[in-house]
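I opened my notebook to look up a few things in this structure. The entries follow in the order in which I made them.

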Amino acid sequence: MSEPTETTTETATEQGAGVLTQTPASGTGAVDLPQGDIEYRLHHAAPSLLPGEVIAHPDPIQYVIVAVVLSVITGIEIATSYLDGDIPTGLIVTLLLVMMVVKFVLVASWFMHLRTDRHVFRRFFILGTTAAVVLYAIVLAALHGIVS
Amino acid sequence: MATVDTTPDGAPARLTPGDVVPVDSGGQAELAHGAHEQPTGLANAKLAMWLFLASDCLFFGAFITAYLLYRDRSVSGPTPQDLFNIPFTSVTSFILLMSSLAMVLALAAVQRGDYRRFRIWILATALFGATFVGGQIYEFTEFTRKGLNLDTNLFGSSFYVLTGLHGTHVIIGIVWLMSLWGMSMQGRLTQGDSERVEIAGLYWHFVDIVWIVIFTVIYLLPK
């Protein structure tokens, strides 16, 4: 009778790096679950992986938390825009752009599931956004003087 | 640590957030919807959507750049300061943001086979989107009434083209969502078709993040 073999497993972390762990193979092929309210998660979480995903989607409650964070940031953004004249314009611009990027990343990583998808999708999207920012920054810098 | 059983082929019977997934010797994670898996290990439709979104970034980037380039170059009014109603646009922006939440909740519902909730959330997403478009039509009507047309000045041209293009994307998204809702009503959209909802969701969230950029750059940044 042969010894039970080990199964290599992979999880995607928030940092994007895959983490390889070893779990003993058994007749039921058990897999590890994170600590927490397992009963809730079993009844509310998405049950299966979609093509291209390496870990399951977040709980609905996590989606709601992200939406609340996005709403709060939006509120702060709007309030910041009304500070024009009270604080330096450069600071307002910086704050607004930082909050915009945070909202962008939150939606892309949580709602578009870039956290849980294969990294190749993330690379495509980062390539597209980076190319757009770099290309049009160059265009703006080059044409600003010409147009004015 | 808690564990769950797997199906005979080794895939977890019910995955929850953070579950680890068996990887075969070729390094490919096993997929619950194996029928859609391609030799590359990637779903073609999803890959195509991501490529489209990457190209759409460049597309919107061109119009945002054009707006920034022409923003303060108009020789005659009206100007953004004369027209923008930040509280109103903030409300419509918030509605579009919440439509993204409804979209992911619709996806989560169809993935667990809860078709009734899926239809509620997908309809809510479309209604939020329609409300946003309604707000945009109202805004355009107000601007036109105050004298800003497509050919009035550089601001009018670049503003209407950029926001109109985004609005067109939203309208296409609404039609797409309603088609999914219709398919579900006819029983033609099942748990196994979750990928279709996921791809529609990618498009919808992209429309949302483009508006996140437009809202900040066009409406909120100091003039």
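**Entry 1: a helix pair across two chains**

I began with α3(A) and helix α6 (residues 194–220) of chain B, which pack at an angle of about 175° with their axes 9 Å apart. Axes are lines fitted to C-alpha atoms, for helices over the stretch in contact, and angles run from 0 to 180 degrees between N-to-C directions. I noted α3(A) as roughly antiparallel to α6(B) because of that angle. The cut-offs are under 35 degrees for roughly parallel, over 145 for roughly antiparallel, 65 to 115 for roughly perpendicular, and oblique for the rest.

Which residues make the contact? From α3(A) I listed A:L96, A:M100, A:K103, A:F104, A:V107, A:A108 and A:F111. From α6(B) I listed B:H205, B:D208, B:I209, B:I212, B:V213, B:T216 and B:L220. Two residues are in contact if their C-beta atoms, placed from the backbone, lie within 7 Å. I sorted the residues of this contact into 10 nonpolar, 2 polar and 2 charged. Here Ala, Val, Leu, Ile, Met, Phe, Trp, Tyr, Cys and Pro count as nonpolar, Asp, Glu, Lys and Arg as charged, and the others, Gly among them, as polar.

**Entry 2: what kind of model this is**

This is a predicted model, where local features need pLDDT of at least 70 and side-chain atom pairs count only at pLDDT 80 or more, while totals for chains, interfaces and linings use all residues. Residues are numbered from 1 along each chain as its sequence is written, and chains are lettered from A and ligands numbered from 1 in the order in which they are written.

I checked the pLDDT (the predictor's confidence in each residue, from 0 to 100). Chain A has a mean of 73, and 61% of its residues reach 70 or more. Over residues 1–47 of chain A the pLDDT is below 50, yet this stretch has 90 contacts in the model beyond near neighbours in sequence.

**Entry 3: helix α3 of chain A**

I looked at the span of α3(A), residues 89–111. Its 23 residues should span 33 Å at 1.5 Å a residue, and its end C-alpha atoms are 32 Å apart, so the two agree. The expected span is 1.5 Å times one less than the number of residues. Buried in α3(A) are, among others, A:I92, A:L96, A:M100 and A:W110. Buried means 20 or more other C-beta atoms within 10 Å of a residue's own, exposed 12 or fewer, and partly exposed in between, with C-beta atoms placed from the backbone. After the helix comes A:H113, with a positive phi near 60°.

**Entry 4: the two chains**

Chain A has 4 helices and 3 strands, in the order β-β-β-α-α-α-α. Helices (H or I, at least four residues) and strands (E, at least two) are DSSP runs, numbered from the N terminus. Of the 148 residues in chain A, 31% are buried.

Chain B has 6 helices and 2 strands, in the order β-β-α-α-α-α-α-α. Of its 223 residues, 43% are buried.

**Entry 5: two single residues**

Is A:H57 buried or exposed? I counted 27 C-beta neighbours inside 10 Å, so A:H57 is buried. A:H57 sits in the loop between α1 (38–44) and α2 (60–81) of chain A.

B:I120 lies in helix α4 (residues 115–145) of chain B. B:I120 has 16 other C-beta atoms within 10 Å and is therefore partly exposed.
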